[in-house]
Amino acid sequence: MDHEFVIDGARFTLAWEAEDDELLVVSIGDKILRANVCEISPSVYSVLVGDRAFAVFCACDRGIYHVFCNGQHFELAEPDDDSDGFLTGEGRTAADDLLIKAPMPGKVIKINVTEGEEVHRNQTLAIVEAMKMENEIKSALDGVVRKIHASPGELVDNFTPLIELARKE
Amino acid sequence: MFKKILIANRGEIAVRVMRGCRELGISTVGIYSDADRGSLHVQTADQAVSVGPAPAVESYLNMDRILQAARDTGAEAIHPGYGFLAENAEFVARCEDAGIVFIGPNSQAMALVGDKVRSRQTMEKAGIPIIPGMKGTLPDAESYSREADKIGYPVMIKASAGGGGKGMRIVRAQEELVAALEAGKREAKAAFGDESVYLEKYIEEPRHVEFQVLADNQGRTVHLFERECSIQRRHQKIVEETPSPALDADLQVEMGKTACRVMEVAGYNNAGTVEFLLDGRKNFYFLEVNARLQVEHPVTELVTGMDLVHQQIRLAAGEDLRLEQGTIVQKGHAIECRIYAEDPHNNFLPSSGRVLFLKEPAGPGIRHDGGIFTGCEVPIFYDPILAKLIVWAEDRERACRRMRKALDDYVILGIKTGIDFLKDVIDHPSFRRGETTTNFIPRFFSAWAGPEQSEEIRDLALLTAAYQSTRRSRPDSAAGSSRPDPVTPWSSLGKWRIGGK
């Protein structure tokens, strides 16, 4: 049985080699990992690798595994859910630069541009407020406003399209 | 003493104040907005009253609804916590008119210290050192521009009605002024319901040192020493400590006396904080009075052994201050880290959503003041503070080490927080040397890239996620686990069904 996860844009394949009550053997790439895993409660695991003991905390939400161990956080995405490159952290793409999305859930305070307006790089396009702090949404390129998708006062979710830009010819 | 107090706040501070009330045998009334029905402070309160829709202006800032809730429940006093109505003189006056005790200063003192412009003029006249260049609120952008030219750039825009970084902007050149004024006013309006802002000279490289003062209704004052709050990001404090690494005994005495004098001049009663800027040559300037219980009050509690909420309630009930300045001592060192819902890897944007799992650190010298729990929703409508982690140890170095370990033990899944960032702050050699100025974060952390992650731990993460996914997908394990769960009672209950016969 194989598992695939994406961490920060890198893909990992993990294969079940063997499992009994004592030991779980998996391979990750060309590495073999032998561990004794004990589920303490639905999000808490005690993992022994040899005699070294680790507490691992893991919870899954909408296809993302949030894992914490030894002070470190990892987000593991199931690759099937990777529709637009955002969830897997593959970084900004050219398409992201053209379609400006809300960076977090919040309220649109102001749209600073109008359709057809020329904008330059780093120009503030809109202001979105969340948790009482205003965040300026800036343009990543020189371009023209093609379409405005949101209006002031509107509550927006993560990744809700706000403004569409076109490249300057 | 009061029998019942209404706590006009939410989140960690409401929970902390309720705890203090209950310890004094006082029952508590919580208030909640539609977004907070499931919040921890509602679970903690003895009674809970809905005060309106999610936006704060319609709920936690809604004076009519809150006063009505106090009358309906028979609460004799209102504790405002911090933020929201905590420093709103109109609200204090309305409480006074309604015969409800406001746990904080009287309305006149509140109006004076809440008006940062007038309070500085008053303090200047009384011989308290103030920051150069202070003037009033002005009618239009041109007047602000002229004023800024007179003070000299960089200048700072600040909200007249509050603190906490809301509405605050540094302006380094004239062409930035108009946009910054606009944004500052909007933020001030949204946070405090009052859009007035003012300008002041921006002092580079200062330390932010504040003194906790207690004043009784008869005008007696004592101070409970300082808190150093210089570690700030975007004018928002993130790490606070006491004692300050910057004060020697003489300076501490002088600043403490000045702080008490400020409160006496203001006619202040109850607990309050006097903020100073301290420059590199040990000049200190009065900034403002925070007329409330501060977010960072626990560090003072840990080194003085005093409970500030108890003190506030006793003073509000009219008891005399029974403390002598000479008998109040600082013991050991305390540090607080604020746990905000924010993404340090994505420009510290607020992070809202559900806390999938929480395990707060515990152990000797560790205190956690939180408003969250496993399964809670963090709404987008309010301040992003989730909790405060506070440690005490015999000295500063030990306190740093204790804090560092506690941050490592802080497990929160599903919501992004600044914990990784805080670890690197505590680890920084300049922080360890006590070289804490308000420029610390911009100087050392503007290019912060996040923690290094170990391959071994990453592999364990992969293994555990795969293990969990396998267990969940097996059809024979309805509870998501094929083993009997060793810590919950459910496995020993036998067969049962919700609504079963």
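The model is a predicted one.

Chain B is assigned three domains: domain 1 covers residues 4-103, domain 2 covers 132-201, and domain 3 covers 207-445. Between domain 1 of chain B and domain 3 of chain B, the centres, taken over C-alpha atoms, lie 23 Å apart. Where these two domains touch, domain 1 of chain B provides 25 residues and domain 3 of chain B provides 26 residues.

The largest share, six residues, belongs to α1(B). By residue class, this side of domain 1 of chain B consists of 14 nonpolar, seven polar and four charged residues.

Attention now turns to the interior. In soluble globular proteins, nonpolar side chains tend to be buried together. Here, the largest nonpolar core comprises 176 residues, and those with the most contacts inside it are A:Val67, A:Leu76, B:Leu6 and B:Phe276. Strand β21 (residues 385-393) of chain B gives this core its largest share, eight residues.

The surroundings of one of these residues can be followed in detail. Leaving aside residues up to four places away in sequence, B:Phe276 touches B:Val209, B:Glu210 and B:Met255, as well as B:Phe284, B:Tyr285, B:Phe286 and B:Leu287.

Conventions
Residues are numbered from 1 along each chain as its sequence is written. Chains are lettered from A and ligands numbered from 1 in the order in which they are written. This is a predicted model: local features need pLDDT of at least 70, side-chain atom pairs count only at pLDDT 80 or more; totals for chains, interfaces and linings use all residues. A nonpolar core is a set of buried Ala, Val, Leu, Ile, Met, Phe, Trp, Tyr and Cys residues joined through C-beta atoms within 7 Å. A residue is buried if 20 or more other C-beta atoms lie within 10 Å of its own, exposed if 12 or fewer, and partly exposed in between; C-beta atoms are placed from the backbone. Helices (H or I, at least four residues) and strands (E, at least two) are DSSP runs, numbered from the N terminus. Two residues are in contact if their C-beta atoms, placed from the backbone, lie within 7 Å. Domain bounds come from an automatic or database domain assignment. Ala, Val, Leu, Ile, Met, Phe, Trp, Tyr, Cys and Pro count as nonpolar, Asp, Glu, Lys and Arg as charged, and the others, Gly among them, as polar.
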